[in-house]
Amino acid sequence: MANPQMVMYEEEFNQIQAIVDRLVREANAEVVFIIDKNGQLIAAAGDTADVDTTSLASLTAGNIAATGGIAKLLRENEFTTQFHEGERANIHIQLVGNRVILVVIFDNKTSLGLVRLRVKKSSEQLNGIFERLLAKVEDPEREAPFAEITDDDIDNLFND
Amino acid sequence: MSFINYLSREINCKIVFYGPGLCGKTTNLQFIYNKTNPDAKGKMISLATETERTLFFDFLPLALGEIRGFKTRFHLYTVPGQVFYDASRKLILKGVDGVVFVADSQIARTEANIESIENLRTNLAEQGYSLDKLPYVVQYNKRDMPAIAPVEELRALLNPGGVPDFEAIAVSGQGVFDTLKAIAKLVLTELKRGGRG
């Protein structure tokens, strides 16, 4: 397969969650998300109650994919940063290590400059964690995570 | 690329509905959306033109139940079928775990079906996938239309490899869930195998 599975373990998840929790505080943001490039939500922090996180993840990934397509046409490697300014909400989207997407939603309680500064610091830390995570997933010694599932388990899911 | 989260105990997979323009990809998703229990689905997103043609993609998140304590979540996507949206189609195939090819059974659409399936093969190959190795099912849609090709003919043209295939009338829902179950099952079986082909 072209893509290995993305697997999230407790150890790395806790490290990632700590970074997004800190980013919400330090950037004075409303919400922070981490999404993989295929649109799966990995972690979230801040005031997520009013946000449809699944839709947001899918649309952001689509957005990054489209922007990546434009970059390719212009013979650019990637456009790693996007910023959309609204009347109340602003959104800062950062591609981290060409692997995951860091999304910060913020209002006028903070500034774009502060958000960019904090995002930069967090991106570096996240990049290291995802590199370690990927190495762990690709370790051939590690069993396929679902090897223990039986065909009956799968059949049972569809017996309704 | 499936995403397994040991913490939230979730398996997330991506299924793409592919096919020529107006073959009924969005209609498949709409029927699934309308017939699914509200707890099991998220919002359906359609990025469409003013004339309701898919511009970028439709998206429907769906929960299909639990396997050994893991929630199985499927993200269903459609591609825009119109030929000139090829750049967008390529993007949506990124990270795909399974493909449903929706064929339009009308005789007049034979060439469009063939062109679309070739386009699917090419676009998958660009991402390093092979249609022969990916979980894949075929749906012969619009079986209620007047001038349609016999299933045997469609099968010979579009499914020489003999993957699971289904007759469907997506507007009324016939065959829609059979198709979905078949692809979901293939994706989970692949996941069990380790998905490293």
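A: In this predicted model, 5 strands of chain A form an open sheet, in the order 3-2-6-5-4. The pairing is antiparallel. Strand 3 (41-46) and strand 4 of chain A stand at the edges. Each has a single partner strand, so one side of each is left without a neighbour in the sheet. From one strand to the next, the twist averages 10°.

Take the pairs one by one. Strand 2 (residues 31-36) of chain A runs antiparallel to strand 6 of chain A, and 6 bridges join them. Within this pair, A:Ile34 has A:Leu102 of strand 6 as its bridge partner. Strand 6 (residues 100-106) of chain A is also joined to strand 5 of chain A, by 7 bridges and again antiparallel. Here A:Leu102 stands opposite A:Gln94. Strand 5 of chain A then meets strand 4 of chain A through 5 bridges, also antiparallel. In that pair A:Gln94 is the bridge partner of A:Thr81. Put together, a line of partners crosses the sheet: A:Ile34 pairs with A:Leu102, A:Leu102 with A:Gln94, and A:Gln94 with A:Thr81.

Now the turns. Strand 4 and strand 5 of chain A form a hairpin with 4 residues between them. Strand 5 and strand 6 of chain A form a hairpin with 3 residues between the strands. In this second hairpin, A:Gly97 takes a positive phi near 55°.

Helix 2 of chain A lies across strand 2, strand 3, strand 4, strand 5 and strand 6 of chain A. Helix 2 runs at about 60° to strand 2.

Helix 2 (residues 53-73) of chain A has 21 residues. It reaches 30 Å from its first C-alpha to its last, close to the 30 Å expected at 1.5 Å a residue. Buried residues in helix 2 include A:Thr54, A:Leu56, A:Ala57, A:Ser58, A:Thr60 and A:Ala61. A:Gly62, A:Ile64, A:Ala65 and A:Gly68 of helix 2 are buried too. An α-helix has 3.6 residues a turn, so residues three or four places apart point the same way.

A:Arg75 has a positive phi of about 55°, although it is not a glycine. Most residues other than glycine have a negative phi. A:Arg75 is found in the loop between helix 2 and strand 4 (81-85) of chain A. Is A:Arg75 buried or exposed? With 6 C-beta neighbours inside 10 Å, A:Arg75 counts as exposed.

Beyond the sheet, chain A also pairs with chain B. Strand 1 (residues 6-8) of chain A and strand 1 of chain B pair in the parallel sense, over 3 bridges. A:Met8 stands opposite B:Asn5 in strand 1 of chain B. In the loop between strand 1 and strand 2 of chain B sits B:Arg9. B:Arg9 is another residue other than glycine with a positive phi, near 50°. It is exposed, with 12 other C-beta atoms within 10 Å.

The contact as a whole takes 34 residues from chain A and 39 residues from chain B. On the chain B side, at least two residues each come from several elements, among them strand 1 (3-5), strand 2 (10-18) and helix 5 (176-193) of chain B. Strand 4 of chain B gives the largest share of that side, 7 residues. By class, the side of chain B that touches chain A has 17 nonpolar, 14 polar and 8 charged residues.

Methods. Residues are numbered from 1 along each chain as its sequence is written. Chains are lettered from A and ligands numbered from 1 in the order in which they are written. This is a predicted model: local features need pLDDT of at least 70, side-chain atom pairs count only at pLDDT 80 or more; totals for chains, interfaces and linings use all residues. Two residues are in contact if their C-beta atoms, placed from the backbone, lie within 7 Å. Ala, Val, Leu, Ile, Met, Phe, Trp, Tyr, Cys and Pro count as nonpolar, Asp, Glu, Lys and Arg as charged, and the others, Gly among them, as polar. Two strands pair if DSSP finds at least two bridges between them. The expected span of a helix is 1.5 Å times one less than its number of residues. A residue is buried if 20 or more other C-beta atoms lie within 10 Å of its own, exposed if 12 or fewer, and partly exposed in between; C-beta atoms are placed from the backbone. Axes are lines fitted to C-alpha atoms, for helices over the stretch in contact, and angles run from 0 to 180 degrees between N-to-C directions.
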